[in-house]
Amino acid sequence: MSKELPLVSVLIPFYNCKYVPQAIETVLRQTYKNIEIILVNDGSYMYNELLKPYLSRIIYIEQKNKGVASALNEGIKIANGEYLAWLSSDDLFSEKKIELQLNFMKENKSLFSFTNFNIIDSHNQIKKYNVGIHFKSGIEVLQSLKDFNPINGCTVMMSRKVIEKIGYFDETLKYAQDYDYWIRTSAHFPLHYFHCTLTNYRVHDLMGSIRHNIDQMKEFYELRENYRVKYNKFFQNREERNMFNSPFTFRGNEYIAAQFNPRQIIDNFKYECVILPQRRSNNENASYLISPEVNNIEGNFAVAGILFQSNRLCVVEKYQNNVETVISLPINQNEWIKVVLIYIDKTPTVYINEKEVAVGTKSRYTHICPSLVFGGNIKDGCFYGKIQSIKLWKVPPNQSEIRLMREDMNVNQNIVWGYDFLSGSAYKNGKKSDYEVSIILPTFNKYQELLLTLHSLECQHFDKKKYEVIIVDDGSIDKTASIINEHNFSFDLKYIRSNQNIGRASMRNLGIQNAGGRVIVFLDAEIIVKPDFVSLHYQGHKENKKIVICGSLVLKGLYTIYHPRYNMEQKTQIMKLLKNYPTFTPSTLNEIKSGKTVKLLTEKEVSNQSYQNYSFDKPFVKVYKETLFNRFGNNLNGFHFPWLLFCTGNVSVEAKAIKEVGLFEEYPGYGWDDHELGYRLYKKGYRFFNHNGLAAYHQEHPISKTNPQDAIKNFVRVFNKYPEVQLRIFILHFLGISVPNVHLIYDSYLNFLSGYSNIYKGIPKLLEQILQRISVKLWKEEPLTNLLNTSSVNKEQIIKNLEELERYPKVKPFASNFKNIIKM
C-alpha cells in the first residue's frame, strides 16, 4: 500500500433505505480517490433495484438480516483499506471528508478520529448545523463517553490497527454496538476529535433510532452501567492524570493575555516555552505563539514575538503596524520542543532543546520589549498546537547568569510572569503565585458592565495577592479586548479570548484550565459584588468540606446603563427608577428618548458602594425564599433537587471538585450546562448552601429571545444523558408544575415505590415512557398533549389505578398529578 495515498475502505450497511444512492454518490465524489466502497445488504427487501447502477463500482455483499453490527463486521472482514470509515445508507459525506480527515490523522499520528456533523431532513435541507460537541481535549471525550455516546459513527475514521487490537463490533447488541466499540477502543487508543463538519446525518420518520427509541435507550443504559463498573477506575485515572495536569491546547482560535508593564524589562529578556506546534491542513497562514502586541507605549519601542509559518519558526519585531522578521529557521512541527528566545542588549538568540540554533542582528529600534500575549491576537493568526509551559524572564546582561538560568529552572528571582500547565504553577515578579481563589468571568459584548464588575473586585477586603481574575471573552466585538492594556487593577488579571463565539460553557472551561486557585468562583461579567464577596466564598470552603457555595438566588437587580434594546417591561421599570439616580438630568432623559445608550452609574458609585441604593428586588428571589429556603433552610436539607442552586452567575467550588467530576458540558446556546455540572457534584456527595451574605447586583441588559428555547433543548440533552428518575422527573417543571410541587411529586413517587409498586407494577414503566415522550415533544417543539400511547395501554384502567392510589395521603401528590398528565 502506498504511504502517500493509503487505501480507505468505506463501509455502507444497507437495509430498506431509499436514500442509498445519495450515500453512494457522496463517496464516489470524494476528492480523495484511493477508496473502495463496500456495501453490505443486510437482508433488505425494499429498494434493492436502486443499487444496480452502482454494482460495477462497489464491492457488494448480501446476507440475511442480522443487524448493523453484523453488516459492519462482514464489511471489515473483506476490507483491504489501511483506514476504514462507516457511512449509513441514509447519510451523506462532504466531498472532502476522506481527504481532510485522513490528513488530520496523519498530522496528529491518530489511529481513531471523529468529527462534527449537521442534521438534514428527508429533502437534504440542513436543519441544524454543527450539532456535535466541540471537544477541546481527549479527556473531555472520555468524560462524555462515561455518560452518553458523543460520537456519531458516520463521522469516524480509524486505522486497521484499531480493528486488529479491538476486534469486531458486538453482534449481540442491536442498537448500542457503536457506543460499545468506542468504549472498548478508548481503553487502548486516544479518541481524537477533528473540529470540522464533514457528515450530514439524516433524521426522518423511518429511521430505526426513532422507531425503536425506547428499546434503544434501554440497551444503552444497561450497557453503560456495565461499563461504568468495569472501566470506572480506568476513567478515573485518566481524568485525574489529564484534566488539570496536561498541556493546554490552542485550536487556532484563542489567545491568552496577562497584565504587565512592558517598560519594566526592555532590551534584555527571555521567553521560554515548551510546545507542540501543529500545522493545519492547507493552511500556510502565520500563527503566533507570542504575539508582539503592547498598547500605550510611546517612543521608538518595538515588541518581540514568535510565529510559525510554513514549517518555519520566525522571530519578529513589531513597530506600530510594521512587522519585521529578524530570525527565520526551519523546524519540525508535530514534535515537542523547548523554545528559548533571549534578547541581550537588543540582540536575539534562539535555542531549540537547549541548543543555540540562530543569532539575529541587533534591533534597529531604540528599545525592544516583550509581550504577554500568547497564542495569537484579535487580528492575526492564532497558534495551533499544545503548550506545557510559558515563562518570561528579566535577563541580566551577564553571560554566566544567563547560563545558570538555562541550566537551573529553580532560579526564578528574575521571572516576570509564567504559567506551567502540567503543575498548575503560576509565577509573577520573581515569586511563585499562591492563589487561594480564581474568579472566572465569561463575557460577550459587555464592556461597560464588565468594567464595573472589575472595579467591584478591586474593592475586595481579601488579600489581592491571593486571588486572580480570569476574563474569558467569547468573541466580543466591543472594547472588551482593550481592558487588559488600558485598565490597571491591583489583583492579577488574565484575559483569554476566543476569536469565534463558542459558547459560555466552552469559555468557562478555558478559564478552568488556566485557573491556579484552590477555590474557583464563577461570576457573570455583569454582576457587581460587595467588598466581602471573595472572603465569604473562601471562608465557606475553608470551614466546610465537599460544599458548593451559592449566591445566585440572593440576587438584586441594578440598571447601570440604559440600552435602547431593552424590552418594554425593562423600559417601564427603568423610567420609574431613573429619577433617583445621581446622573439623572433632563439631558439624560433626552438622550434616552433619542434611542442612545446612556451610562447611568460609574466607577465612583461602585467604589463608595452607593450603587446599592439604586437596586431593586428580583421577583424570583422572593419566590425561592418563600417556597424553598423557608421550608428546607439554606442547606436545602431534604430537598430532592439541590443541584439547581449551581448557577454560574455566582457560585464557587474547590478546584478538586471540578477535577473529580469534570468540566462543563459544552451545550449550544443558553442554559443547563451549569445545572448539569451541579448534578454531577450532587451525585458525588457535595452539599449545596444558599449563602444570604453573598447578595450581589445584576446589571440588567437586553434579554435574548432565544434563551428560553435554548434552555429547553439543553435540558433535553441533560435528560437523555441520565437515566435516573430523580433527574428525569424534573421534566414535569416544563409542564408548568412549580419546582416545589415537582419535589412533592417525586417524594410521593418514592413512597409509591416503597409501598405500592408490587401491586401496581406497570406504573413505573409507564412513567418512564411518558417522561421520555415529553422530552421528545419538547425537542420537536410540539404541544405537550397526548402524552399517553393508548395503543399499548388501557388508559381507563391506568386512571382507575391512580384514583385508587389517591386514597393514600403519602402517594396522593404523585397519583393526582400523574393522572392529570395522562389526561392532557
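Helix H20 (residues 707–721) holds both Phe-715 and Phe-719, which are 4 residues apart, about one turn of the helix. Helices here are DSSP runs of H or I with at least four residues, numbered from the N terminus. Phe-715 and Phe-719 are both buried, that is, under 20% relative accessible area with a 1.4 Å probe and protein chains only.

The model is predicted: local features need pLDDT of at least 70, side-chain atom pairs count only at pLDDT 80 or more, and totals for chains, interfaces and linings use all residues. Residues are numbered from 1 along each chain as its sequence is written, and side-chain values use heavy atoms, leaving out hydrogens and water.

The structure holds 55 aromatic pairs. Rings of Phe, Tyr and Trp (its six-membered ring) pair if their centres lie within 6.5 Å; planes under 30 degrees apart count as stacked, over 60 as edge-to-face and the rest as tilted. Tyr-562 and Tyr-566 form an edge-to-face pair, at 5.8 Å centre to centre with 80 degrees between the planes. Tyr-562 and Tyr-566 are both buried. The pair of Phe-715 and Phe-719 is tilted, at 6.3 Å and 50 degrees.

Charged groups also sit over rings (NZ of Lys or CZ of Arg within 6 Å of the ring centre and within 35 degrees of the ring normal). Lys-77 lies over the face of Tyr-168, at 5.6 Å from the ring centre, and Arg-508 lies over the face of Phe-664, at 5.3 Å.

Technical notes:
Buried < 20%, exposed > 50% of the residue type's maximum accessible area, 1.4 Å probe, protein only. Helix = DSSP H or I, 4+ residues; strand = E, 2+ residues; numbered from the N terminus.
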